[in-house]
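Please look over the sequence and the model shown here.

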Amino acid sequence: MGSIENTVDPAVILQPNDLPAVPSILSELQALGASLDPNDDQTRQSLLASARSLIVALEKPRETMIRHCWAENALSSVISLGVEAGIWDYLASTPAPKTVEQIAAATRTEAGFIGRLLKHVAAMGYIREVAQDTYASTSFSDALTIPILNAGYRVFTGPGNTGGLQKCVSTLPSYARQTGYRTPTSMLDGNLQFAHGTKLNMFEWLMANPPAGECFNLHMSGYAHGRPRWVDPGFYPVKERLLDGYVSGGSSSALLVDVGGGLGHDISNFLAKHPECKGRLVLQDLEPVISQISALDARIEPTVHDFHAEQPVKGARAYYMHSVLHDWPDEVCLSILGQIKKAMKPGYSRLLINENVIPDTKAHWETTGLDILMSLLLSSKERTRMEWSRLLEEQAGFKITGIYGGLSGVESLIECVVPE
Ligand SMILES: C[S@@+](CC[C@H](N)C(=O)[O-])C[C@H]1O[C@@H](n2cnc3c(N)ncnc32)[C@H](O)[C@@H]1O
């Protein structure tokens with residue numbers, strides 16, 4: 001424990017965190033609720049933010065602590081167990097509620113044990129308890145049957161008996177103490193290596209522990225699913241900045257190269273939004289990822305490529321990277337960026353970096369949570385505007401020509417060119 005003298009009155013534990021704030025949060029909720037429209041995601045997000053502040057304000061510190069330490073920790077593990085055992089699939093198989101005995105028989109589990117787990121999931125509101133030991137699915141538990149959604153639980157709570165990425169979250173305090181509470185900088189000797197006793201980086205470690213790599217790739221698709229994207233109208237002027245200036249018959253005739261593109265959800269989305277586009281669409285990633293791809297539009301070329309090696313597609317109109325540079329410390333990013341820069345045609349090619357730009361204040365919890373995960377899984381980070389400018393302009397020698405987007409909690413699109 002720290003050496004700073006404790007001056008806090010212990011009675012604080014039993015008082016709501018911020019009762020005086022409750023009336024104004026309630027008015028906010030009422031006003032937002034009155035204008036809620038199924039097509040207005042911004043209002044829904046604002047309502048959620050207010051609802052979260054209401055919980056924080058009303059809860060007493062003891063209740064918050066129990067929710068964090070017991071209830072939510074237990075919940076994500078139980079959800080993961082349910083995915084593996086097929087509990088959510090069975091609950092979703094027909095609309096009828098099911099008894100614990102039926103669930104146990106269908107999933108070859110023990111009713112006494114599974115019943116206890118399901119009671120907690122119902123108590124937390126994620127399945128419906130319709131009678132004693134009888135449960136019905138909800139939209140959320142139905143969604144748990146979809147691989148891109150359930151893969152997040154699987155990769156965090158330990159596919160293949162590894163203890164998963166969650167183990168790295170638990171070791172953060174001891175790793176940080178051991179390293180003097182300093183920013184982790186080594187991707188081969190960081191918190192993940194400390195947690196799992198490995199010399200591999202996170203991607204290598206995931207691939208070496210099947211099905212963790214497969215779950216991670218699905219999880220990336222799940223993370224991006226339904227979020228505002230750079231190709232959406234009003235985000236980045238795709239037509240004006242990319243399509244209009246495309247020149248066919250260049251050295252590669254490529255329009256877009258998605259570097260480290262995973263299973264291809266971004267480039268597929270680009271094609272779906274711009275089916276009229278001309279030019280090659282190239283998806284690049286490591287072999288284990290590319291070989292996991294089962295269906296892609298015939299226009300997209302899945303290609304094995306290590307981004308530290310020479311970029312084989314020269315002079316493309318755009319090289320795109322989504323959630324790639326945030327995985328690596330600056331010196332590794334410079335190697336990745338250097339290969340792309342050499343392939344770019346000055347005055348024509350653009351580099352599009354789809355990453356969070358952390359605002360100076362009021363950062364969104366998705367971004368701050370991800371920043372911590374980056375540090376404990378990869379010794380890397382989400383970057384501020386100044387950090388992006390330092391990396392891309394001062395160190396890598398690009399010129400930033402625009403930062404598009406700027407929605408709270410959503411990755412921006414940073415457009416760069418090679419100065420002529
Ligand atoms: C965080 S994921 C992002 C994937 C995808 N762009 C997305 O947004 O869903 C990072 C990707 O980088 C890929 N990757 C890691 N090391 C790589 C390397 N040396 N060469 C190419 N891709 C690599 C991983 O396989 C993974 O698909």
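What follows is a short report on selected features of this predicted model.

## Basis of the report

Because this is a predicted model, local features need pLDDT of at least 70 and side-chain atom pairs count only at pLDDT 80 or more, whereas totals for chains, interfaces and linings use all residues. Residues are numbered from 1 along each chain as its sequence is written, and side-chain values use heavy atoms, with hydrogens and water left out.

## Domains

The domain assignment of the protein chain gives domain 1 (10–59), domain 2 (77–143), domain 3 (147–223) and domain 4 (227–417), with bounds that come from an automatic or database domain assignment. Taken over C-alpha atoms, the centres of domain 1 and domain 3 are separated by 33 Å.

## Helix α8 and Thr 157

Helices are DSSP runs of H or I with at least four residues, strands are runs of E with at least two, and both are numbered from the N terminus. Helix α8 covers residues 147–157 and includes Thr 157. Its buried residues are Asn 150, Ala 151, Gly 152, Val 155 and Phe 156, where buried means under 20% relative accessible area, exposed over 50% and partly exposed in between, with a 1.4 Å probe and protein chains only. These buried residues of α8 pack against α3 (61–85), α9 (166–178), α11, α12 and α17 (365–378), and the helix is followed by Gly 158, whose phi is positive, near 110°.

Thr 157 counts as partly exposed because its relative accessibility is 21%. Leaving aside residues up to four places away in sequence, Thr 157 touches Ser 76, Ser 77, Ser 80, Gly 163, Gly 164 and Gln 166, a contact being heavy atoms within 4.5 Å. The side chains of Thr 157 and Ser 80 are joined by a polar contact of 2.4 Å, and the side chain of Thr 157 also reaches the backbone oxygen of Tyr 153 at 2.7 Å. A polar contact is a pair of N or O atoms within 3.5 Å; within protein, one must be able to donate a hydrogen and the other to accept it, and residues adjacent in sequence count only if both atoms are side-chain atoms.

## The second largest pocket

The second largest pocket holds about 650 Å³ of space and is lined by 35 residues, of which Phe 203, Gly 260, Asp 285, Leu 286 and Val 289 lie nearest its centre. On a 1 Å grid over the protein atoms alone, a pocket is an open set of points with protein on both sides within 12 Å along at least five of seven lines, a cavity is a set where a 1.4 Å probe fits but cannot get out, and lining residues have an atom within 4 Å of a point. Grid points are joined across faces, edges and corners, and a volume is the space filled by probe spheres set on the points.

Domain 3 and domain 4 both give residues to the lining, so the second largest pocket lies between them. The largest share, seven residues, comes from α12.

A search of the whole structure finds one cavity of 30 Å³ or more, and the largest cavity has about 80 Å³ of space. Among the residues that line the largest cavity are Ala 224, Arg 229 and His 322.

Ala 224, Arg 229 and His 322 are also among the residues touched by His 265, which lies in helix α14. The side chains of His 265 and Arg 229 are joined by a polar contact of 3.2 Å.
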